[in-house]
Structure formats: C-alpha cells, structure tokens
Amino acid sequence: MHKVYHRVHNIAGNVINIRAEGVRYRELAEVTSRTGTSLAQVIRLQDDEVSLQVFAGARGVATDAQVRFLGHSMQVPYSEALLGRIFTGAANPRDRGPELAENLIEIGGPSVNPAKRIIPRNMVRTGIPMIDVFNTLVESQKLPIFARAGEPYNPLLARIALQAEVDVIVLGGMGLKHDDYLYFRDTLEESGALSRTVMFVHTASDPIVECLLVPDISLAVAEQFALEGKRVLCLLTDMTSFADAMKEIAITMEQIPSNRGYPGDLYSQLASRYEKAVDFDGAGSITILAATTMPGDDVTHPVPDNTGYITEGQFYLRDGRIEPFGSLSRLKQQVNGDTRDDHRTIMDTLVQLYAAYRETLEKQSMGFRMSDWDEKLLKYGDRFEKEMMDLTVNIPLEGALDLGWQILADCFEPMETGIQSSLIDAFWPRSASQSEASSSAEATEDKTPGKPDEGDAEEDTPAEAEDTEAKPEPETVEA
Amino acid sequence: MTQVQGTIVGVNGNMITVEFEDAVSMNEVGYARLGDLRLMSEIVRIRGKRADLQVFEDTAGLSVGDPVDFTGEMLSVELGPGLLTQVYDGLQNPLPKLAEECGFFLQRGTYLPALPRDTKWIYTPTASVGDTLTAGETLGTVPEGMFEHRIMVPFRLRGSYTVASVAKAGEYTIEDTIATLTDESGDSVEVSMMQRWPVKLPIQAYRERLRPTEPLVTQSRTVDTFFPVARGGTYCVPGPFGAGKTVLQQLTSRYADVDIVVIAACGERAGEVVETLREFPELDDPRTGKSLMDRTVIICNTSSMPVAAREASVYTGVTLASYYRQMGLNVLMLADSTSRWAQALRETSGRLEEIPGEEAFPAYLESVIASFYERGGVVTLKDGTTGSVTIGGTVSPAGGNFDEPVTQGTLKVVGAFHGLSRARSDARRYPAIDPLDSWSKYESVVDNAAVEAGRSVLQRGSEVGQMMKVVGEEGTSQDDFMLYLKSEYLDSTYLQQNAFDPVDSATSAERQQHVFGVISGFLQADLSFKDKTTARSFFHQLTQTTRDWNRAEMESQEFKDIQARLEKMVSEVTVNA
C-alpha cells in the first residue's frame, strides 16, 4: 500500500505538489531527498494532485524526491515516560533521550462535549499575589498573558510552572529564542520541576511548520494526562508566533487574507486550541496559560484581539509587573468567595486605592500641590508596587492578604479605606481598632463600587484612572 | 426515490468537491462516506458536473474517490413536542444523549434523532373529519411542560387539505400517524406529530405580519426605559471583549417577559454555555415558578466545534423559535455571537475563492444578516391569535471598533442598538450600554416625555463632564455642575443595575414607571447648595439611599420608607418657586 512517488512537480514555500492516488486528507508522508528526510502532511487534494506541507521546510527538496505516504495522520507518543523529556515541534527528542514510538495518539482530536464539562471550582495557587489575590487562576481556565516583546513573560511562565500546584506541566514553545529555551530547561531542572514536565519546543531557527504543530501536540498530550485524572497546566509561549506561522502558510497557499494578512479563520484556529482547556466531569483538568506578545503594544492587533474574545480574561504584563487594571480573570468569582472572608474586600480596596494613587501621580507630575491624602496615597502606592506587584514576590495567598492589611494599616486610618466595619474589626492589624472607625466606615462603604457583598461578578476591570466618579472614597474622606 | 451518488474529487479544509451524475440541488445535504462514518455536508456551489460541499465535521481522512450520498433534502430540523429543555448542537444533535453515547468527546459522524422517539405524548384532536385546513392550522394539541403544543398541518404542504381521518385522543409517539389529509386532487397524506423543515427557509404559515408595538420587558432599566425592545422586534448588542455582552444576554434570557427562550451559543466559549447548562435547571422562572429550563432550548455550537455547523446553528435556532411562534407564543431568540457566524461565512467564502468584500467578508454578508433578522416579527396566525419572535444578537467587533462590516450590516436592519462601551465597563458601570450612542425605534415602557428629559440630562451632563476635564471643577459654573451631578445621579441609580442583587437585578415595568417618575421629579427640581462640596456630598448621600431603594422589594414597607426619606431629602434643598 505504501507506494513511493518520485515526481514533485511544484514547490512553493514549504508546500510541494505531487500527483498521487488514494491519498487521504491530513495523511502524513515522508519526503526524502539528498538533504535528508522530513515528514509532510497533506493539506489539499484536488483530483490527482496532492499538496503537502513539508515540516522541515521545502529547502533542498528535489523534484525527484521520494514521497512515501504513511497511511495515518500526525501522531505523538504518549506515556508516563514523556515526563522529564524535551521534544521538538515534530515530537522528535531534543534532549538526546531515546525516541519514543509506542502508544501513539492522534493530535488535534475532536472537541469536548459541553455536556461533559463542569463549572470550574478549584483555585490554582501560584504564590504570586497579583494572580492569587487579584485575578485568581482557576483550574481549567484559559488565560493569555498580553505583553510587549521584551517583557519578562517567559520568566513569569517559568515561575508559575515551578510554583503552581498541579500534577503535570506541558510546555509548548513556539518561535522561542534558543536562550529562552535553555532558560526554561535550566530553571525547571534546577528546581526539580522538570520531572513532572514535558516540553515541546520549537525555536525560532526551526522549520516554521513545526511551530504550527506545537500547540496541537502539547494539548493532545495534556488531554491524555487529564483523562487519566491528572491536573495539567499547559503553558504556551508565544501564541503570536503561532499565529504568524499560520499567516505565513496561508499566504503561501494563496488564501485570501482578512486582517493584516492573517487568515480569515484565525479566530477558529485559536479557539480550537484554547478550548482544549477543560474540567472533565469525572476526570482531570487542563489549564492553559499562554503568552501572547502584542506587536506595538496594541491590544487591537488581530492576535490579542481574537484571543481576548476566546479566553476567560487576560493578564497584562507591563514594565515587568502584572497590571491590576485591564487584567482580569473571569472565573475568579467561582473561587475567591471561599478562600477567606476578606479576600474580595482586600482585592477591591487595594486596587481602588492604587487607582487613586495613579491619579495622584498624574496630579503630581502636573505640578499640583500634594494634600495630606495625596501623601498617604503616594506612600501606599510605593509600598504596593514594591511588596505586592513586584514579580519576585513569592507569598501564599493568606500571607498576601495579611500583607495587604499591613500595608493598609501602615498607610491609612481604617475609615479611609472604606472597608466595612465588620471586616475592619476582624482583620485590621494593631488591636487598637478605633471606635469612630466603625461609624465612618459605614458611611463610606456603600459608595465603594466593588463592595464584595454586591458580588459584582463579571465587572472586575477596575476603574481607569480618569474616572473620578467611580471611586468616590477620596472625596468622601475629605468631605 | 433513487439516491443520487457522487464521488469526491477534491478536499480543502472543510470543503470538498464532488463530481455527480444525476440532478442535485443547491443547499442539498450529502453524506461523505469515510469507512463506516458518514460526514454530513451541504452543497454551497455547483459548477458543471461538480459541486462544492461544506462539511459540518472534520474532514481528515477523506480521500479522492470516496463516495458521497445525496439526500435530496436541504438541511432540516425536526419539529414536534419535546424540543423544550433540550440542548442541541448546531445540527440539532442532542448533546447530553451524545455524551451518553460517545463519552467526553464529540465524535464526528454521530447523528442522533433530535426528538425522543419513544416518548408517548397525550394527544387531543381538535380538528374533525371533513374540516378543510391549510399549512399551519391546528389538528390537535399535546401538553408540553406548561405549554399547549399545537400539532399543525405540516408547513411544507401547499394548498388546502381535507381531514380524512383523525386519531382518537390518547397517547402517541411523535412518529405515529395522528391524522390523514387529502389534497384537492384526492391524494392522501399521513401526518404525525413530528415534521421536518429546512432551516434556511422562513416558516410563513401565518396570516399576516404586524408591526411590533408591544414592549418586551427585559427588566433591565436601561433597556426598557431608554432603549426598549418590542415583541417581534430585533436588536443587537455590539461590544468589545469583557464589556459584558454575554452576562447581559444571560440576564435577558432569565428575566425577559416571553414564553420561550431559544439561546444560540454560536462560536463562543464553552465555559459560558456550561454555566447556562448547569445553572438553568436549578433556577426558577420568575413568571411561572417552574425551572427556567422548562421554557428554554439551547443550541450550542461553541468556538471549537466545526465551523460550518456554527453557521447552521443560528438558523436552527431561529427555525425552532418560529415553530413555537406558530403556536401563538412569544419567543425570544438570542444569538451570541453573530460575528462568529459571519466569520464562518467568511471562512467558507474564502475556501470557495470568492472575490472578497470589506475585511475579506463575502460581498453578500449584509443581505445574509438582513434576511436573518427579518425572520423575527410578530404575526397573526390563521386562527387569529398572535405570536412573535424577537431576535437579539450580540456582535463582537474586532478591536471593539463598531466601524466594521458585521456591526454596520446589523445596524441597518435592527430596531434597537445597545452599544456596549469599554469606558463604561472599565468604570464598572453595568450594564455597560452606552446611554449616548445607543438608540431604539420602539416604544418605551415609561412615559416618552420623561424619557426624553432624562436623556437630555445625560447628554448635557456628559458635555459638562467633558468640559470639566479641561477647566477643572473650579472653572465650572454652579448650574453646569448641578447638571453634571444630576446626570451622574441618574446614571448610577437608574442606568446601573446590580446583576447579582436579587431585587435590583430585575425591575418590572410597573416599578420602572414608578421609580423613573420619582427620579425624574428629582432631576427637574431646582436645587440649591452653598457650594460644590455640599452639593457633591448631598448627591453622594442621595445616590446611596436610592441604591438602597433599588434593593428593597417594591411591596415592602422599606420601599415606602426610603421613598419618603428620599423625597424629604430633596425637598429640603429645593428652591421653592
């Protein structure tokens, strides 16, 4: 059955055309020419003409190259032996380990029946206050990290990989710089996390087609682990490289581009990957964290824009810190009500005060006189940035909440925070809780927009700096 | 009927090219055979002896030479008792059944009957032998949950028919014959409780279409008072990601004053559908006290499910909605999101290598959108009762910019526009419907003059707000500042609504009339303060008290008390003319 073909009559980009019969759509073939052997996949059939996408690139493929069809589509080995290993985008070992060939599974499988999903309910602890406190990561969530090129999104992913409480980590690297690949490998190895990690890495110098395979391979493996009841964290970096690879192939295939050269099915392509994030009814889960670089820091660029419509929130990484504004975990309400009574209040209060701090900074830069209140905010903002926002901070959720109270206590009077009196009584550090605090806190509490018992579930993007009316607490205090 | 067969000659993504011998028709359904699997597909173009079919499944494994069986039928859905409470995919496969059969994943090529075949329904005939009937007229009824499900003369029958025999009252399955009809030339047709209808054709078995005039109360104050929707009308909700489109639709699906809600989750997150799936059966319908699921049909074709079926899902949804309209019911059809559907059209069009229009959307995008929304409407049925289908679609414009083909194409044909704004959602002003940009052509539940006055306060208040950003509070006159405070007050106490407060989340029309009357009075009052700080703190106080008022049950003593308190507060600072 495995007939060999010898006549390639068209080569454009990474796509070669041959005439063949009985070939199946998406079938794999081995293309051998003088420069070596590569896998290739059928991407179009038209009468007896077969278009193949060569994984290693068409460079060096001769017109008399041997093409042998394998009779199956792209597969990846799956077993416990994958843990601790590093592979290329075509699932070949990158770490000098043995080749794995048993128990092959198909990649890009069917999607999960929505009737077999459950509502996510478990928090994933990361030890990063900006995530745990403000935008809690939830098991089975899909979240991108939006960042400009040059932001430390890879170190952030690596830290999350080290600290997240999950069973298995699958790391898919697309268009990684070789240094970044080594960084991931060494960091995971030093900390011992490599033994629960599988890496599929496509570096920038590898053939572009392999980049397209990385998310599918990573997620197929993740899915198998999840079906065995494991909690899997899948880290993908960088999805913009993946989209660019799709763009490149689409243009070679003479597809009509839709927006900035990206193919019209960009949304569906991204969605079919992100939607692999799942909490199975009766098995494990897949959580996806994906770095998406924003060309020109522009969130309306097609890749971050389409991603935002697919994912359940987003983290903005700016100046090496996770921005509290704009960052959003849509699923945090599912879990942050059950952590500690003060969680939601601290989350809202700290961010509101930080917004006020930003406003004060603006005033300061315009040369306005700083009032006592402004001075307090400046002190607060500085400590907040250093002790909470800094990415090196590593404290568990409870510690971070306590720290939040401590910072508040060091900078403000209880009444100035607008926190309801019952929580002040329970949590305010220094037992000297003033009696006046309760009455004034009561007066302000209802005007605080994000008061937790209002349970604003979907509305968590904190007020932008220019909106004064949304956060009336500074005025109230002055008045 | 001989079956027409064809052979695959090309495969490209979800598009296959098939060579055929005998006659086929446009939009006919064919099944591509892949071993034992049959993959459903639909003809989207015919050129000579070759037809292009879009496949509703993954095409991996298909090969040149594989056979395709044509069915002679367009893509159709099953209509009959048992549709309510179901969760279907875009092709009307019941998803929970599919899960029983295939486990976690949606295996391609598995098609299950949409309606349960073995359920027995209690049938009561209403037509008698000798009656002359036309398509859409009632033969008998079946109780389906809280509704009386009418069994009608199948919509596909043209001309008038005489009832030759009717089944006795009793229990029947949907496949049992419940009547025999004879047409004018004497041929007889057997009718069961189930009929099939092609989704892309509108159901028109009614007497006439009327102008939508009666308001559809959604219990969202911004919508009902300022940008109302009429029963049988159409509206769209465009907004950037994170502005709360889906939450707004979920609220509407819960609280809207209609009989039946059809939700088409089209190309959006699976997680959101799961929430609806898992929560609706537990929630009570505020109108009937029964489970919300009892009045709901969910069509769910999430973003990772096959693209071609996504296009079908909105049509499946609107067909089911129109079917219930034929029973004299008021139906609300919600599509989230129509942009994903338009993108599905774009993908298909791209594969067909059609000449693209704006942003590579096909040139016929606007007419497709228009004909979809035109399937809504309020109609008089042949028995004189009326029924309606209201269509609400969300739009997810790229980059949140409304100047894109899908939003613009939709705005041309809908009766109301609820534009969500990023600025409002960032400021946590929910629902984030922009009060200045949005519009509606329908009648408000509140007196029109008062609404106009309120709108004008918002408009002028926003102008002052803009100005204040430049000249600061000091440079603003007392009068202008007052206007600004009033518009902020109206915004934060009336437009904004807390979706998670049991009382505030849904405001009945009666309550809206009452509350808006009181608030309008405050807005018109001539208030005086010694300076801006006192004015501001007065309005803070007033806002807070009004929010408490919003949280009080309308019948309660608390409600009356707070109202009295509010009126006292305002009268204390009012200048008596």
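Let me begin with a definition: two residues are in contact if their C-beta atoms, placed from the backbone, lie within 7 Å. What I am showing is a predicted model, in which local features need pLDDT of at least 70 and side-chain atom pairs count only at pLDDT 80 or more, while totals for chains, interfaces and linings use all residues. Residues are numbered from 1 along each chain as its sequence is written, and chains are lettered from A, with ligands numbered from 1, in the order in which they are written.

With that in hand, 64 residues of chain B are in contact with 62 residues of chain A. On chain B, the largest share of the side that touches chain A, 7 residues, comes from H4(B), where helices (H or I, at least four residues) and strands (E, at least two) are DSSP runs numbered from the N terminus. That side of chain B has 28 nonpolar, 22 polar and 14 charged residues; here Ala, Val, Leu, Ile, Met, Phe, Trp, Tyr, Cys and Pro count as nonpolar, Asp, Glu, Lys and Arg as charged, and the others, Gly among them, as polar. Strands also meet across the two chains: strand E5 (residues 36-46) of chain A and E1(B) pair in the antiparallel sense over 2 bridges, pairing being assigned if DSSP finds at least two bridges between two strands, and A:Gln46 stands opposite B:Gly10 in E1(B).

Within chain B, 4 strands form an open, antiparallel sheet in the order E10-E13-E15-E16. Strand E10 (132-134) and strand E16 (188-192) stand at its edges, each with a single partner strand, so one side of each is left without a neighbour in the sheet. Strand E15 (residues 177-182) of chain B is joined to E16(B) by 5 bridges, the two running antiparallel, and B:Leu181 stands opposite B:Val189 in E16(B).

B:Gly454, B:Val457, B:Leu458, B:Gly461 and B:Val464 of H10(B) are buried, a residue being buried if 20 or more other C-beta atoms lie within 10 Å of its own, exposed if 12 or fewer, and partly exposed in between. The buried residues of H10(B) pack against helix H11 (478-495) and helix H12 (509-524) of chain B. After H10(B) comes B:Gly472, whose phi is positive, near 80 degrees.
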